[in-house]
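Please open the model in a viewer and keep the selection panel at hand.

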Amino acid sequence: MTVTTTEPTDTTEPTDTTAPPPATGPAGLRVIPARHPWRWLAGVAAVVLVAQFLHGLATNPGWDWQTFNAFVTADSILRAVWITLQLTCYGTVLGFALGAVIAALRLSASPILQTIAWAYVWAFRSIPLIVQLVFWFNLSYLYKRLGVGIPFGPTFWQFETMDVLGALGAAVLGLALHQAAYAAEIVRAGVLSVDAGQLEAAAALGIPRLRQAWRIVLPQAMRGILPNAANEVISLFKGTSIVYVMAIGELFYQVQVIYGRTGRVVPLLMVATAWYVLLTTLLSIAQYYIERYFARGAERTPPPTPLARARAFVRQIQESRLSTAPGGRS
Amino acid sequence: MTATMVDVRGVHKSFGRLEVLRGVDLQAEAGSVTVILGPSGSGKSTLLRAINHLEKLDRGYVAIDGELIGYRRSGDRLYELKEREVLRQRTHLGFVFQNFNLFPHLTVLENLVEAPISALGVPKAAARARALELLDRVGLADKADAYPRRLSGGQQQRVAIARALALEPKVLLFDEPTSALDPELVGEVLDVIKDLATSGTTMIVVTHEIGFAREVADTVVFMDGGVVVEQGPPAEVLDHPRHERTRAFLSKVL
């Protein structure tokens, strides 16, 4: 048998080669990681830019952090945050409830219901939200009274439009109807993403229709619905600022009122920004955990939560300390 | 002579212009095992799905234990039943899918108790006890709290069989139960089905496993082109087929 060893291995002078090493020993060769000088340089440049920006935030008097501090937890701002949260909450709940109904109509077997659902989505996606809001705000101009009764027949109960639909009511109505159109499509997408075999299996088992939807399809659809729904909730949360056109005292309107009075535009915009960022962060965290819940069964081993990971990290440090401390002395 | 459990008469079914079933007749006695063989596209799966009304029929009828499936007869007319009634009828028919179709977001135990509780109104505790019994029977008692995706294909199919059994159906329908499995997992599933066959459950099995047909079937049915070409005991159909089409098919798969 001939083994082609070209030359006796030279240990003093290494030669550059991509040829596999001669099979001398099992573990004689050390691995040197490749170097990336440009990657480091780009990183340093980015850090410098960020540092410059942060330095500016702290030192530029234009940011006026004193005014920011004075207003960020002021009563008027807190009240405005509360109204913003209410608008978001009602808009989300009503929007998604109506959206789910519209999605169900769209997925129903009836062509009439399908068409109506399609037309709803078409109409409310076509009209800009701000136009719609002003329109609802002026509804009493179109219908002075609203009533409940037999269609085209007698009315049993009626009321002044202005009484039931104040500014806040009009805003909630507008946001919810607008949101419903988008929510309907998101819910429908989620339902369509569920494997048809799931419904077939449920039908073959004789599971009642409503139960099929509620227990089998919807929980699986939620995986597809949630990321998009969270997007919508967050965008609605910030989008509530649009109702300032109706002079409702939500966060953005309130901030405008204050800087209109004091002239401190930038710090007050920062007040609004800080609240929007804080609450969006909370929503994002909630999204993470809700998605995790609906992912059960989807992955073989679900990854640990950031909190669990942090706890594991701390435990690891503690354990390594415990094991090294007595060992080091002995 | 035992009673006819499954009675399929003159069943026609088209998908658009494609006529998949062209007048199928099939009878199965209570407690018997019928294996349906045939090339792909011969209508075997469609027939099985027609039996539990996952497919509506264009003509003909299916009766289980003397009860029409999916229709109500009045004089010489068949009236389509409401979905609620069809769902109730389906609880008499267990269906095992090629792709298992377990509910991935529910644990194995939840998969098994769902239909008995929501469709039959069985009390939770009783449904649980029965489910655990069935899991034991298919050799998966220790997997009750696992999610289906953590199981192997063979285990998933055994869970699916247990899920079908949980309704205590009169008839079990198997649609190519081993076709989606790795070869080494086929045996464990066939063993469970064989075990059921000896316990007297009426079964109709669509499969490509000729060996299984020979060993377990009381009747082998050969379908091609949307009709039953021939049927009889396995020794007859598999070893002495009378029709050229049967012979051609068997020579390819054996």
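A polar contact is a pair of N or O atoms within 3.5 Å; within protein, one must be able to donate a hydrogen and the other to accept it, and residues adjacent in sequence count only if both atoms are side-chain atoms. Between chain B and chain A, nine residue pairs are in polar contact, both residues being at pLDDT 80 or more. This is a predicted model, in which local features need pLDDT of at least 70 and side-chain atom pairs count only at pLDDT 80 or more, while totals for chains, interfaces and linings use all residues. Residues are numbered from 1 along each chain as its sequence is written, chains are lettered from A and ligands numbered from 1 in the order in which they are written, and side-chain values use heavy atoms, with hydrogens and water left out.

**Select the interface.** Contact (heavy atoms within 4.5 Å) involves 27 residues of chain B and 26 residues of chain A. The buried area, meaning the accessible area (1.4 Å probe) that two parts lose on being put together, summed over both, is about 2,300 Å². Carbon and sulfur atoms give 54% of that area.

**Select the salt bridges across it.** A salt bridge is a side-chain nitrogen of Lys or Arg within 4 Å of a carboxyl oxygen of Asp or Glu. Four such bridges join chain B and chain A. In one of them, A:Glu200 meets B:Arg49, with the closest N and O atoms 2.7 Å apart. Next, display B:Glu83 and A:Arg209, whose closest N and O atoms lie 2.9 Å apart in a salt bridge. This pair crosses between chains, from helix 2 of chain B to helix 10 (residues 209-239) of chain A; helices are DSSP runs of H or I with at least four residues, strands runs of E with at least two, both numbered from the N terminus. B:Glu83 is partly exposed at 39% relative accessible area, whereas A:Arg209 is exposed at 52% (buried is under 20%, exposed over 50%, partly exposed in between; 1.4 Å probe, protein chains only).

**Move into chain A.** Select A:Glu185 and A:Arg188, which form a salt bridge of 3.1 Å, N to O. The two are separated by about one helical turn because they stand three residues apart in helix 8 (residues 167-192) of chain A.

**Finish in chain B.** B:Asp65 and B:Lys170 meet in a salt bridge at 3.3 Å, N to O. These residues are 105 residues apart and link distant parts of the chain.
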